Number of protein chains: 2
Amino acid sequence: MYKIITLENGLENVEGFYCGATHVGMRPDMTQGDVAFIRSEVPCDISAVFTSNTFQAAPIKHFQTYPQGFQTDFVLINAKNANAMTGEPGLEDIETIMSTLSTKQKVLNPVMSSTGVIGYRLPIDKITSAFEKLDFKAKNSHEASRAIMTTDSFKKELALRVELDDGSIFNIAAICKGAGMINPAMATMLCFIITDADIPKADMDTLLTDSTEQSFNRISVDGDTSTNDTVMLLANKKSATYHKKAFTQALEKIMFELAMMILKDGEGANKLVAFEVKGAKSLDEAKTASMALSNSLLVKTALFGEDPNWGRIASTIGASGISCDDKKLSIYYDDLLIYSDEFRELDKIREDKAYTIMKQHTFKVTCDIGLGDASYISYGCDLSYEYVKINAEYRT
Amino acid sequence: MYKIITLENGLENVEGFYCGATHVGMRPDMTQGDVAFIRSEVPCDISAVFTSNTFQAAPIKHFQTYPQGFQTDFVLINAKNANAMTGEPGLEDIETIMSTLSTKQKVLNPVMSSTGVIGYRLPIDKITSAFEKLDFKAKNSHEASRAIMTTDSFKKELALRVELDDGSIFNIAAICKGAGMINPAMATMLCFIITDADIPKADMDTLLTDSTEQSFNRISVDGDTSTNDTVMLLANKKSATYHKKAFTQALEKIMFELAMMILKDGEGANKLVAFEVKGAKSLDEAKTASMALSNSLLVKTALFGEDPNWGRIASTIGASGISCDDKKLSIYYDDLLIYSDEFRELDKIREDKAYTIMKQHTFKVTCDIGLGDASYISYGCDLSYEYVKINAEYRT
């Protein structure tokens, strides 16, 4: 048996890691950093999952220039500029930055991660000026998590300690950013997870991929997929302890909770809704219908309007192209049956109950297709005026 | 040779057809009808294209109960209630309405079409009360086109006269509705096209399908697909004249112009933008990328914000999953090259020109993938606060 305990102060809890941030003038607000780092005393194994966008940003291409199974002890992150669609010069800029870094601090295979506007070269002088200011011995998770924010309205960090029966412990912690442009294929989100667990590299790869599918790949703010999405897991093995089941549970918990934080911070979003599709003929069909619901503009605006009419839910299921039959379909808001073949028209009593459910910040929509055993759950949010405002004004 | 002339007064121009509308209390505004009809003196051949949504509304199912190649002389249309997801009773309601109609007016295989809220039974008494008020000898296209509106802000009607070299003429005219919930798979739009051309039934079927693909299937307001979309073509052959090439051109012109009217009336939309993808490896890929652009929330909000940054265009192409390479890609706003491998960063001169282009109500975005010969063009609009307001408040 084991215990999983939530800790304050994010990345600072993990043995042998340092982190911090500074302001180099990339964002106007001088009280918030724009360049952050995560550093380990010893070389780390690293696993990463990247965007499915064909136009992967320069830092992602740079990562892939290292040989498979490479170790690193340094991650540099900047906000306000994605270094995406910048071609060969974008890659060269990273080399230049890293070579300047290596004159200030001994680093092994440093990796970079960027978020912000697409199509502009990085301001190299500004970014390298960070190396004069940064304290590479700092442990400042709050600063690091604030520095990587773009349209995020709050910082996202989480730390867990796993206590095993024999008294040994290991830690796992993460910082994360993402608010708009979030969709199943990992859109404009960055997540950096560090651990001192003595985890084998093979487990890192498998567990990171699996947990991404259970968390970030199930949330949708707007159905768009960015060029920069990245989830990284770094393990420095300092604790000399590992327990696969406990680690899996802790990793899943961290990633799921961070995914929910991103969704709650969905640009202008007020509601977090789980869309469960069950009774589908296949997992593919359940997933298709569930993601169609969390991506539909008409469903999102109905959530914002707190309109309990199930017509848009049904219409979206029908439009998704999966096998379905209106005589077999049932729709629930939380536990309230809102549609079935016998209850097609919404009566006053159920409508009033539905209004109450929809006024909540968090609730669940369940669609039972009634044709099979497959189910899938995804998570969406509403679409408000604020989303339009943010995205009409913000440059990505 | 032949001439195609645009006429006023929509449906009224077509020989042997009658049309009109009345108010039966389904919508609050008594000055606008909510039940409309189109009637022909003689039996018509009819072709129709329906929604791809699995949950087809009752009137579409009712249409399909007639034998293939059936003739009709009557179309009844109501607004405010879609008669969708109403099961068997929804079909029975149409039978009841049509049987009452046949006691007032001799009709052959009457068909129905509905638009409005999903999941409520039709108010049969209200709808049949229309038969007491309607003048079945009326020719009132304006009234009919206004009666079928939902969130539309203007009525949509168009008529063309084809004059052949030998002095013979035929006419083709249409009314149409649609503003929100519009997407490639024919979403909440109804279009009724009538002609007195002596067109063979086989041509009707082919040309209607082809022209739908060239028009309504290329526009997108929000990427959702309704349960009720319908395009119908009725031919009473009264003119005893036909010319395939001229008819094709007239039909394409009518359907394309109506599609552009729908897009201009996109809920809260201010801009109409053509998204051409060329140089793609295959037509499928060109279409996928083009539709991805016209459906992307981030592209739509950038249009609304008049932000010339091409990053969201490129990111959407990359996210669409088609074959592409940022070194081969070029992006143009109208004729202005805004991105290519040599011009990645937006300079002040091109940025200023781009601002001017984006301030227009109508412009074109061209993405040359640079990998092949296939091209596709689709049409989209911006996403404004108004879209959210309309769809948060309106029940579908």
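Strand β8, residues 190–195 of chain B, pairs with β10(B) in the parallel sense, over six bridges. One residue pair to look at there is B:F192, whose bridge partner in β10(B) is B:M232. Before I go on: this is a predicted model.

β10(B) has another neighbour. Strand β3 of chain B, residues 35–50, is joined to β10(B) by six bridges, and these two run antiparallel. On that side, B:D45 has B:A235 as its bridge partner in β10(B).

So much for the pairing; now the surroundings of the strand. Is β10(B) mostly covered or mostly open? Mostly covered: the strand spans residues 230–235 of chain B, and six of its six residues are buried.

Next, a hairpin. Strand β12 of chain B, residues 330–333, and strand β13 of chain B, residues 336–339, run antiparallel and are joined by three bridges. B:Y333 stands opposite B:L336 in β13(B). Two residues lie between the strands, and B:D334 takes a positive phi near 45° in this hairpin.

Moving to chain A, the domain assignment gives domain 1 as 2–264 and domain 2 as 272–393. Their centres, taken over C-alpha atoms, are separated by 33 Å.

Now the contact between the chains. It takes 50 residues from chain A and 51 residues from chain B. On the chain A side, α8 (297–304), α9 (311–319) and α11 (385–393) each supply at least two residues. The largest share, seven residues, comes from α9(A). By type, the chain A side divides into 18 nonpolar, 20 polar and twelve charged residues.

How are the copies related? Chain A superposes on chain B by a rotation of 180° with 0.0 Å of shift along the axis, at an RMSD of 0.1 Å. The two copies are thus related as by a two-fold rotation axis. Among the residues of chain A, A:Y385 comes closest to that axis, at 2.6 Å for its C-alpha.

Why do we say the copies meet through the same surface? Because 100% of the interface residues of chain A are also interface residues in chain B.

Terms used:
Residues are numbered from 1 along each chain as its sequence is written. Chains are lettered from A and ligands numbered from 1 in the order in which they are written. This is a predicted model: local features need pLDDT of at least 70, side-chain atom pairs count only at pLDDT 80 or more; totals for chains, interfaces and linings use all residues. A residue is buried if 20 or more other C-beta atoms lie within 10 Å of its own, exposed if 12 or fewer, and partly exposed in between; C-beta atoms are placed from the backbone. Helices (H or I, at least four residues) and strands (E, at least two) are DSSP runs, numbered from the N terminus. Two strands pair if DSSP finds at least two bridges between them. Domain bounds come from an automatic or database domain assignment. Two residues are in contact if their C-beta atoms, placed from the backbone, lie within 7 Å. Ala, Val, Leu, Ile, Met, Phe, Trp, Tyr, Cys and Pro count as nonpolar, Asp, Glu, Lys and Arg as charged, and the others, Gly among them, as polar. Copies are superposed by least squares on the C-alpha atoms of residues with pLDDT of at least 70 in both.
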